[in-house]
Amino acid sequence: MTHWSLLGRRVLAIGTSLAPLARGPLFGAAFELADLERLADLQPATVDLVLIDADAVDSGALGEAIVALAAMGAPPPTLMVGQRLATGLARAVMRMKHADVLEAPFTDEQLQAAIYSLLDGAASEPAGSSGQGSRCWAVLGAVGGAGATTIAIEIANALAGRTTKEHGVCLIDLHLADGAASAYLAAAPAMGLAQFGPAAERMDAALLAAFTTPISKGFDLLACPRDPLAFDQVSKEAVLRILEIACEAYEFVIIDMPRHRRPWTLEVLSGADEVLVISELTVPALLAARALSEEIETALPVGRKTRIVLNRLASRMFGPTPSTAEAERALERKTEASISSDWEAAAASVNLGGPISQYRPKSKIVRDVAVLIDRVLGVADRRAGWSRRAA
Ligand SMILES: Nc1ncnc2c1ncn2[C@@H]1O[C@H](COP(=O)(O)OP(=O)(O)O)[C@@H](O)[C@H]1O
Ligand SMILES: [Mg+2]
């Protein structure tokens with residue numbers, strides 16, 4: 001799981017000098033300011049992060065408190081900040097599994113980066129039953145009608161068939177004003193975010209459950225009722241909070257992502273593990289897919305790439321369609337997968353309400369989506385490895 005925000009995170013701050021951070025880089029966190037003594041009676045799993053200002057407390061007492069903290073079963077992620085940090089203290093902190101030190105002065109961004117990386121490190125740890133990090137895939141179309149919603153639904157449904165978890169897959173439709181996923185699935189959208197106002201930013205798992213529409217075993221939908229003003233009424237914090245809670249609760253989170261840039265678009269895409277850009281095999285769509293992928297990649301962490309999926313691949317008998325090789329030349333990159341065209345199956349699915357695999361399980365679309373999922377999960381590569389070894 002990747003962290004998008006500190007909203008609702010329980011941060012225990014030791015040292016009154018840290019108080020202003022609650023209104024700055026730690027805005028939204030459940031912020032508790034305390035003395036060093038508070039560390040002595042800290043119970044496991046009651047805070048998400050300990051932040052210590054080494055300059056604000058007595059260094060001898062701090063040393064003892066850190067030793068006690070480290071002796072806890074699973075100490076919370078701990079960040080110590082300060083000027084000219086004593087080497088002994090820094091070493092004592094770094095002996096903890098999820099701990100870091102940050103030399104003052106530092107910027108808000110440096111502080112947030114250190115905190116996110118500690119929280120990510122702790123979350124990726126298989127801790128008891130709460131288990132592994134979630135896999136979050138954002139799906140967006142290069143042009144309208146490219147098939148992003150269709151493919152997002154099929155991916156979500158196919159993954160639900162692969163997981164045994166009750167909270168297997170959550171499909172989140174981030175077309176807050178006029179999403180189509182609920183209509184495609186003949187489901188009632190229940191995520192009334194616009195009515196919740198700022199309360200949505202403090203959402204917890206219970207509220208998320210109330211917003212959820214169950215689709216089938218292991219497959220839930222989060223989608224907003226139609227509301228032309230929703231994009232203006234739902235804050236960035238609320239959107240990021242939904243994603244964070246969903247990623248904690250579900251094994252997979254699939255996002256049906258609007259193509260047009262919103263204030264939260266880049267943060268959502270940077271937080272996702274995979275970004276799938278869906279294109280058709282037309283020249284305008286391919287050019288748009290190339291441009292969109294480049295735009296997104298400049299904003300993603302260095303080295304991360306989008307994956308381009310070609311949708312509605314049809315036989316060339318039906319017209320002057322580019323071949324996959326020609327498409328890849330236009331895109332100036334390889335594509336990840338191709339999904340065959342099957343209008344009859346797609347129409348049956350949207351008209352009857354439900355995934356294509358429910359009504360037309362033998363459709364090539366279902367088979368091609370399974371191949372796409374294998375590729376993204378790396379299953380195909382693993383199989384190749386086994387067969388190579390067996391050979
Ligand atoms: N592989 C496919 N073969 C045939 N029709 C498809 C395919 N993928 C999508 N469609 C159809 O194309 C139309 C647009 O798809 P949609 O998923 O709504 O696109 P987007 O979300 O990108 O706007 C829908 O009618 C859908 O049923
Ligand atoms: Mg759509």
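Predicted model: local features only at pLDDT ≥ 70, side-chain atom pairs only at ≥ 80, totals over all residues.
Good morning. I shall begin with the overall division of the chain. The domain assignment gives domain 1, covering residues 10-129, and domain 2, covering residues 134-390. The centres of domain 1 and domain 2, taken over C-alpha atoms, are separated by 37 Å.

Let us now turn to a sheet. Five strands form an open sheet with parallel pairing, and their order is S2-S1-S3-S4-S5. Which strands stand at the edges? They are S2, residues 30-34, and S5, residues 99-103. Each has a single partner strand, so one side of each is left without a neighbour in the sheet. On average, neighbouring strands of this sheet are turned by 20° against each other, with direction ignored.

Strand S3, residues 49-53, pairs with strand S4, residues 78-82, in the parallel sense, and the pairing runs over four bridges. Asp53 stands opposite Val81 in S4.

A helix also belongs to this picture. Helix H4, which spans residues 108-123, lies across S3, S4 and S5. Relative to S5, helix H4 runs at about 175°.

Finally, I come to the ligand. How many residues surround ligand 1? There are 19, and the closest are Gly141, Gly147, Thr149, Thr150 and Ala346. The elements that give two or more residues to this shell are helix H5 (148-162), strand S12 (307-313) and helix H14 (343-352). Sorted by class, the shell around ligand 1 holds nine nonpolar, eight polar and two charged residues.

Thank you for your attention.

Notes. Residues numbered from 1 in each chain as written. Chains lettered and ligands numbered in written order. Pairing = 2+ DSSP bridges. Axes fitted to C-alpha atoms, helices over the stretch in contact; angles between N-to-C directions. Contact = placed C-beta atoms within 7 Å. Domains from an automatic or database assignment. Near = placed C-beta within 6 Å. Nonpolar A, V, L, I, M, F, W, Y, C, P; charged D, E, K, R; others polar.
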